[in-house]
Amino acid sequence: EATSNSNALLAKGGAEASKKAPPTPKPRVSSMMIADSLLALSSVNTSPTFITDPATGKTVQSNARHPIEKLMRLSRKWLDWEMYKNGIRQEIEARLCCGVSGVCHAPIAAAAITALSTLAILRQSTTGNGAHVADLAPRPQGSDSREERDADPTLKDAINAKFYMSLFESNCMQSDVARAACAQALACICCAADRFETASRKPVGLLTALEFMLEKIEAAPTSPSLRHTLAQLMMDACTGKICSMQRVAAIGGRNDLYTTASRFLDGALGHSNGSENGSACINTVNSSFNPAATSVNDGARRGLRLLSRAGHPKETGVEDEVVVRIALFATRMWRLINGEDSTSAHDAQGAHKRAGACAFDGHLRCALLSLWQWLWPRGCYAVMRVQFAETQNPTLYERLGSEGVMKASKADKEKSSLEDSLLSGLGKVVDQERDRQMWRGEMAVHAYENHKSQKGKLDASSNSPEQMDWQPLPPIQRDPAFKAGGWIASAAQQRRVMALDGGSVVTKLRLRKSGD
């Protein structure tokens, strides 16, 4: 009887359950798909609508919401969610104290930071800043004005460099990829702030970003991989590639080499999308297709000129404070390249007691040395200016902190001369190899000119090598694409124009047979 009653209850419950609607399945999306979607937001290009003012007849910019404000809020929500999850994970690990795992992080945070900073720069680049703004249509109830939207914490923090600095140093940000994304966003924000030429303020945004990243490279808790990434980001910022390439979000935190390389070379949206070319092989951006990267590059270009020319006798209008600041940055960088640690104390001989990050890391030293050669190929004028001016007005420069600038004593000059004499043989080898490469380039030009002069004298019926396809090609001219770094694209474009690449110009194909 008990069994029959239970069966009846089960049958009744099953009949009632069958009458109810089936449960809605919860969507499950992989973290990689979310990261790719957030990374694709960095390729968005849009601007507010331009309308005609009925009073004046001029074309002005509407005061409506920017189309990307909702995307910025979504990116911020994903970033806050990832930081909340990292905080919960740290609390659990602090209670368990097992020391196992805890280093596997999804790339969502890095992609969200990249998207948030890029969208913020895009919003700033396409609104305001001298443009005529109109608010003609009446706003519906509950809508806010432009000033109220600018005061929104989500939108205000996205354009604040201190926000990304605090994220980098936050305890909830344990992933090196996310920290590198913070450094990349900081450099983009600082450089974009100097996109306009102003006489009242010097473009020190690039200098601020480089100082921050160099400080983190010198910090003891920084991992070697993060140091290498920060050094590469410093070079990207100085060569105009940090915003258009999105190195950290495209490569970091992913284990598939093929998809990572495809995403890095072809862009987040695939080939020929995302910018004017969509490829990292052509390091150029256009203000029409990529206004955010153009703003960053404009500010970086002005900051690079300030770094390289400050202290030069012909460079006027630069304050002494800025010159001393650049000289201190160059000093810290030079000491770090030479294996010293500028944060440690000195011994009796003036040397640092603790070795620096480059003392046992040759790759990091080469990366920073390349950056030094890019910034100051003929020497840092700011350091020379401070060393010379200290003898003229020592009180002023001591007050500015010039005691930390490197100085060349008589003993240092003697050691430098001794090292130059010891490495003179290696210098001769380098000079000979450079001359050999120049000679090879000249021979290629001569071979092409000789082929052009002999082209009319060749017998068309002969089967000589000159009649085959492997004939000398003309040298590549230094066009704007070549000067911008797009060497492959420059060569391809010039070969295509001269019908030497076998592309669309070839219209007839002839099959050779024996006896021809």
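Thr114 sits in helix α4 (residues 108-125), where helices are DSSP runs of H or I with at least four residues, strands are E runs of at least two, and both are numbered from the N terminus. The model here is a predicted one, so local features need pLDDT of at least 70 and side-chain atom pairs count only at pLDDT 80 or more, while totals for chains, interfaces and linings use all residues. Residue numbers run from 1 along each chain as its sequence is written, and side-chain values use heavy atoms, with hydrogens and water left out. As for the overall make-up, the protein chain comes to 22 helices and three strands.

**Around Thr114 and Gln246**
- Thr114 is buried, with a relative accessible area of 1%; buried means under 20%, exposed over 50% and partly exposed in between, using a 1.4 Å probe and protein chains only.
- Setting aside neighbours within four places in sequence, Thr114 is in contact with Ala181, Gln184, Gln246 and Ala249, contact meaning heavy atoms within 4.5 Å.
- One of those partners, Gln246, has its place in the loop between α11 (242-245) and α12 (247-251).
- Gln246 has a phi near 50°, a positive value in a residue other than glycine.
- Gln246 is also buried, at a relative accessible area of 6%.

**α2 against α4**
- Two packed helices are described by the angle between their axes and the distance between the axes.
- For helix α2 (residues 31-40) and α4, the axes come within 8 Å and cross at roughly 15°; axes are lines fitted to C-alpha atoms, for helices over the stretch in contact, with angles from 0 to 180 degrees between N-to-C directions.
- That angle makes α2 roughly parallel to α4; the cut-offs are under 35 degrees for roughly parallel, over 145 for roughly antiparallel, 65 to 115 for roughly perpendicular, and oblique for the rest.
- On the α2 side the contact is made by Ser31, Ile34, Ala35, Leu38 and Leu39, and on the α4 side by Ile108, Ala111, Ala112 and Ala115.
- By class, that contact has eight nonpolar residues, one polar and no charged; Ala, Val, Leu, Ile, Met, Phe, Trp, Tyr, Cys and Pro count as nonpolar, Asp, Glu, Lys and Arg as charged, and the others, Gly among them, as polar.

**α9 against α10**
- Helix α9 (residues 205-218) and helix α10 (residues 224-239) have axes that come within 9 Å and cross at roughly 165°.
- This makes α9 roughly antiparallel to α10.
- From α9, Leu206, Leu210, Met213, Leu214, Lys216 and Ile217 meet Arg227, Leu230, Ala231, Leu233, Met234, Ala237 and Cys238 of α10.
- The residues of this contact divide into 11 nonpolar, no polar and two charged.

**Cores**
- The largest nonpolar core has 95 residues, and Tyr164 and Met213 have the most contacts inside it; a nonpolar core is a set of buried Ala, Val, Leu, Ile, Met, Phe, Trp, Tyr and Cys residues joined through side-chain atoms within 4.5 Å.
- Helix α8 (residues 176-192) gives the largest share of this core, 13 residues.
- Another core, of five residues, lies apart from it, and includes Leu39, Met245, Ala250 and Phe264.
- Not counting residues up to four places away in sequence, Met213 touches Ala183, Ala187, Leu230, Leu233 and Met234.

**Leu304 and the chain as a whole**
- Leu304 lies in helix α14 (residues 291-309).
- Leu304 and Trp374 are 70 residues apart in sequence and 9.7 Å apart in space, C-alpha to C-alpha.
- Of the 516 residues in the protein chain, 37% are buried.
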